[in-house]
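Here is a short report on a single protein chain. It takes the chain as a whole, then turns to one helix pair.

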Amino acid sequence: MFLEDEFAIGRMRMRRISISFLVAATAFVACVAAMLGLASAARAEAQQTSGQLAALVRPNDVNSGSLLFPSKEPGFYVEAPRLKTDVAIDVSGPIARVKVTQRFQNPSQGWVEGTYVFPLPENSAVDALKMQIGERFIEGQIKPRQEAREIYEQAKAEGKKTALLEQQRPNIFTNQVANIGPGEEIVVQIEYQQTVRQSGGEFSLRFPMVVAPRYNPAPIVQTVEFNNGAGFATPSDPVENREKIEAPVLDPRENAKINPVSLTVDLKAGFPLGDVTSSFHGVDIGQDGDQVRTISLKGDSVPADKDFELTWKAAPGKTPSAGLFREVKDGKTYLLAFVTPPTAPDAAAPAKREVVFVIDNSGSMSGQSIEQARQSLALAISKLNPDDRFNVIRFDDTMTDYFKGLVAATPDNREKAIAYVRGLTADGGTEMLPALEDALRNQGPVASGALRQVVFLTDGAIGNEQQLFQEITANRGDARVFTVGIGSAPNTYFMTKAAEIGRGTFTQIGSADQVASRMGELFTKLQNPAMTDIAANFEGVAAEDITPNPMPDLYSGEPVVLTAELPEDKPAGKLQIIGKTGDQPWRVEMDIANAADGNGISKLWARRKIDDFEARAYERRDPAALDKDIETVALAHHLVSRVTSLVAVDVTPSRPANEPLGAAKLPLNLPDGWDFGKVFGENAAPLGGGQDHGSTAPTEGSGPQQAAAVIQGRDASPEIANLMAAAPTAKAATMIAQKTSTVNLPQTATRADEQIMRGLTMLLLALTAASGLAVWRRRLKGVFTVGGRRNGR
């Protein structure tokens, strides 16, 4: 009886232990399940808000050669969109019509928005945007800039494919394409019109292929003081839209070049052709008669890392000296005229000159550019006459005025200056403004009977162009400013506009073998009087607008190029162009009835009209009224401008509502001949346009820096922005992609956090079960031991 009672007590204790164990185990399992549920819910919410898993990949999930950028999600990367560009240029006489087809490919498994910063000629009239989706073409519409941006953002949010083309500078544009699906390719075609350049009997056009990194000076902080000593500071940014002109740049020491470009030119000169030459690229040239050539790149495509330049000359004795073209549109006639003024045989060169040479030796000029600049400047100094005076100023982020003012061009001074120039090396930032101020303000008064000339040798890789234009306008005085563009991708907008404002001329040197010929042309212009007092008027018909206004001065071999809007569709009368060469007057008369038909002249007139508005902006006290005038012309002629943009939207949503959208700026090549370490620092990560977005300090050549928002957070949602790595670099990204071709990493199709939680749960359950079993065994042993002892008594 007693033993049965003991067994009953033991069974009761075992039942209590089992119940307690089951309750604890159930509670533990419920807690773990809740933890897993919370983790899954948090992860689902994160996926819904940020799209990290949809857009991010691991290195071994992509093919070799892919370009990856680090994200903030450890172990995950963003695969950059890819780009291929096809260019078709049709030249008809003095007018070129260009079609640029950009093919955006999304190699990732997520939906992306790509932003591409790219150059176009500074005189291009951009008037068309088409987006191709499958077999459908969607025409872009011209809208005021803010309205176009709002249309684009709404379409992007609704999952519709959309493209937005904006002008950031007359020669820098951005194309944003949203909702590119996994593995999809979106084709965007841009069209523009431009005039052919003519100088010294040579005709040329350039197609720029890459936006060189820009040096962007820090914002200026102005302090306002009050009577009691208190005050406040207001920043003034000298760089307009600085974040829009920046893009990540690949380090060519570690990466293969990207962004291939194919290009063809259909050249119909309008006169018998002589030499046709591509200055910097290998080409195949086909001939169809004596006036037509077809030019195409050898090898089908080239990387987008330097400008394409094509030059042609007329057959001997066939160079045209004048031309008049017209287009009738909307009841109005638009004229394009070019006239090369005659050279007066007795025109005397200025008796003496004062030449201030300014040379850029910043980091962006390293490599081939500084060598071209040194050769050019040494040659220019050697050509000075003994009666001339001169000085040499060099600048990077510091400045040196070599002679501390103008000195006589004696053989000794010329030799000293040439030796100094040949010893210059390229490094540091591009603080151009102090050097220009010194050249214009600190060289003393102009001597009686002398002509002051400032010759500026630079690649123009700056973002504060307006500051420089204002300085030239305010302090040029009687001096003339000549610019010499150096390198494979110079900032031609700055160079041409600075020369125009400075009443000088622009020369471009893209390779060492051009130094002698191009500098020779410049010497001819420096040593001969300018053609001044140029004006145009019409006899027998009223012209509403003639551009440019006012007419610039010209130099030997340069033509007068003007456009005009006439209020009639069949005007009669004559165009008269007059001017002076030295003290000698000249005059040319052209019959409007004999004008040849031309296409796109109205666009060229509108582009130049907008340029006139912009050039005289400093005279306008009402910026809003100025913008409205520009907007009116741009909208009427369907042109992209500083205040208007082209936007195209597909009406059918393609991205599912639950699929997130990532954003990335497409990386650019470093311009050919540039030295990456000199521009960004030997140990630096590549920058977007020479400056970190999170900093206001200049960074060119200043040591280790962070990359500039390679994965764009500004244009994405805040949640997506938070995912991006603080300093993703194109260099590191591509190294990762290259390594994946030889290193096989384990696949991770399942989530690591889930596996860890499951493993911990099973381990804890096992430990709890083992602990409970041990307790049960001890309790059971205790029951039988007690019973046995009592039974033995």
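**The chain overall**

This is a predicted model. The secondary structure comes to 15 helices and 39 strands. Of the 793 residues in the chain, 53% are buried. The chain exposes about 33900 Å². Carbon and sulfur atoms supply 52% of that area. Take the contacts between residues at least 6 apart in sequence: 73% of them join residues at least 24 apart.

**Helix 6 against helix 7**

How do the axes of helix 6 and helix 7 cross? They come within 10 Å and cross at roughly 10°. Angles under 35 degrees count as roughly parallel, so helix 6 is roughly parallel to helix 7. Both sides of the contact are set out here.

| Helix | Residue range | Residues in the contact |
|---|---|---|
| Helix 6 | residues 432–441 | Met432, Leu433, Leu436, Glu437, Leu440, Arg441 |
| Helix 7 | residues 465–475 | Gln467, Leu468, Glu471, Ile472, Asn475 |

By class, this contact has six nonpolar, two polar and three charged residues.

**Helix 7 and what follows**

Which residues of helix 7 are buried? They are Glu465, Gln467, Leu468, Phe469, Glu471 and Ile472. Among them, Gln467, Leu468, Glu471 and Ile472 also take part in the contact with helix 6. Just after helix 7 comes glycine 477, with a positive phi of about 60°.

Conventions
Residues are numbered from 1 along each chain as its sequence is written. This is a predicted model: local features need pLDDT of at least 70, side-chain atom pairs count only at pLDDT 80 or more; totals for chains, interfaces and linings use all residues. Side-chain values use heavy atoms; hydrogens and water are left out. Axes are lines fitted to C-alpha atoms, for helices over the stretch in contact, and angles run from 0 to 180 degrees between N-to-C directions. Helices (H or I, at least four residues) and strands (E, at least two) are DSSP runs, numbered from the N terminus. Angles under 35 degrees count as roughly parallel, over 145 as roughly antiparallel, 65 to 115 as roughly perpendicular and the rest as oblique. Contact means heavy atoms within 4.5 Å. Ala, Val, Leu, Ile, Met, Phe, Trp, Tyr, Cys and Pro count as nonpolar, Asp, Glu, Lys and Arg as charged, and the others, Gly among them, as polar. Buried means under 20% relative accessible area, exposed over 50%, partly exposed in between (1.4 Å probe, protein chains only). Accessible areas come from the Shrake-Rupley method with a 1.4 Å probe; for residues, only the protein chains shown count as cover.
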